[in-house]
Amino acid sequence: MKTIFFGTPETAVPFLRLLASKTQVLSVVSQPDKPAGRGLEVTPTPVKAAALGLGLKVLQPAKPSEIAAELKVLGADFGVVVAYGRILKTDVLSSTKMGLLNAHFSLLPKYRGAAPVQWSLVRGEKKTGVSLFWLDEGMDTGPIQATVETEIGGDEDAPALLARLTKLGVELLDSSLTDLTAGKVIRIPQEGVPSAAPLIKREDARLDMARPADELHGLVRGFRSWPRAWLELASGKVLVLKTEAASPSDIIGNGPPGTVLAIERGRGILVQCSSRSRLWFLEVQPEGKKPLNAAEFANGLRLAAGGLLPLS
């Protein structure tokens with residue numbers, strides 16, 4: 001089988017390696033290199049670096065349509081797309097014989113869009129998965145080739161979940177390549193109520209202590225990589241890096257949201273949220289400083305049980 005691969009970040013690399021081991025990859029398409037690091041040195045995308053290491057041809061158009069004719073001439077049987085980061089129009093979608101197969105980290109039609117892993121955590125989903133589907137002109141609306149489902153751990157954050165979904169996705173692609181080689185092309189229309197996973201804004205990660213603890217916990221987990229959950233305190237912005245659900249044996253308070261119920265050395269701060277729900281703050285990072293245990297942070301603010309987080 002002759003294929004084309006589209007991808008950009010590190011999470012796409014295992015898919016490329018599998019595809020290169022099972023098919024003849026005619027070309028790899030990745031986003032243009034960008035400056036990175038303190039020195040703003042132009043750095044190849046992870047997919048480009050991996051492709052060059054495999055001896056594969058790499059194309060990096062500013063707009064995918066610029067290379068549509070070149071891709072069509074290659075005569076690939078199909079393409080695989082993983083986190084490429086650009087919208088592909090009809091000229092590119094039709095550049096192979098069977099079409100382009102996209103790996104999407106949700107159970108479509110749920111969480112169509114750019115950030116399905118993050119929003120599935122923020123919205124408190126108990127399960128998720130990977131969908132391999134054939135791209136069309138809609139936003140993640142094409143027919144399904146295969147899916148795999150998995151439970152979400154109660155304290156699993158976005159980096160951990162993405163790593164696990166990547167592994168499951170590679171396994172799913174592997175089995176699907178076997179099917180496609182045997183001529184088993186599946187195009188099942190998506191069914192169910194769709195939901196969106198739009199681009200994330202910094203304001204999305206703001207913690208409002210008047211929300212239930214489980215919602216805040218999901219937000220911290222979902223935005224662990226970027227932009228990271230944050231509180232605006234009187235002392236400045238504080239990132240909240242890690243939280244933990246309270247246990248039934250933990251103190252129950254009657255104070256307003258933001259009330260400190262307990263401070264446990266080496267663990268963190270137990271904070272009152274809405275509807276008498278509670279959440280442990282375990283690790284925080286004051287703006288411009290290093291991460292530290294939340295109990296140490298509370299001591300620095302001279303917070304004690306019964307006090308309020310000094311919100312601005």
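How many cavities of 30 Å³ or more does the count come to? The count comes to one.

## Ground rules

This is a predicted model, so to speak a calculation throughout: local features need pLDDT of at least 70, side-chain atom pairs count only at pLDDT 80 or more, and totals for chains, interfaces and linings use all residues. Residues are numbered from 1 along each chain as its sequence is written, and side-chain values use heavy atoms, with hydrogens and water left out.

Rolling a probe the size of a water molecule over the atoms shows where empty space is left. On a 1 Å grid over the protein atoms alone, a cavity is a set of points where a 1.4 Å probe fits but cannot get out, while a pocket is an open set with protein on both sides within 12 Å along at least five of seven lines; lining residues have an atom within 4 Å of a point. Points are joined across faces, edges and corners, and a volume is the space filled by probe spheres set on them.

## The cavity

The largest cavity has a volume of about 70 Å³. Its lining includes Leu 231, Val 240, Ile 269, Phe 281 and Phe 297. By class, that lining has eleven nonpolar, no polar and no charged residues (Ala, Val, Leu, Ile, Met, Phe, Trp, Tyr, Cys and Pro count as nonpolar, Asp, Glu, Lys and Arg as charged, the others, Gly among them, as polar).

Strands S10 (230–233), S11 (236–245), S13 (268–272) and S14 (278–286) each supply at least two lining residues, as does helix H8 (294–300). Helices (H or I, at least four residues) and strands (E, at least two) are DSSP runs, numbered from the N terminus.

## The largest pocket

Now for the open spaces. The largest pocket has a volume of about 1,200 Å³. It is lined by 38 residues, and the closest to its centre are Ala 83, Gly 85, Gly 113, Ala 114 and Ala 115. The lining divides into 23 nonpolar, eleven polar and four charged residues.

## The second largest pocket

About 250 Å³ of space lies in the second largest pocket. Of its 19 lining residues, Gly 124, Lys 126, Asp 214, His 217 and Arg 221 are the closest to the centre. Helix H7 (213–222) is one of the elements giving two or more residues, and the largest share, six residues, comes from H7.
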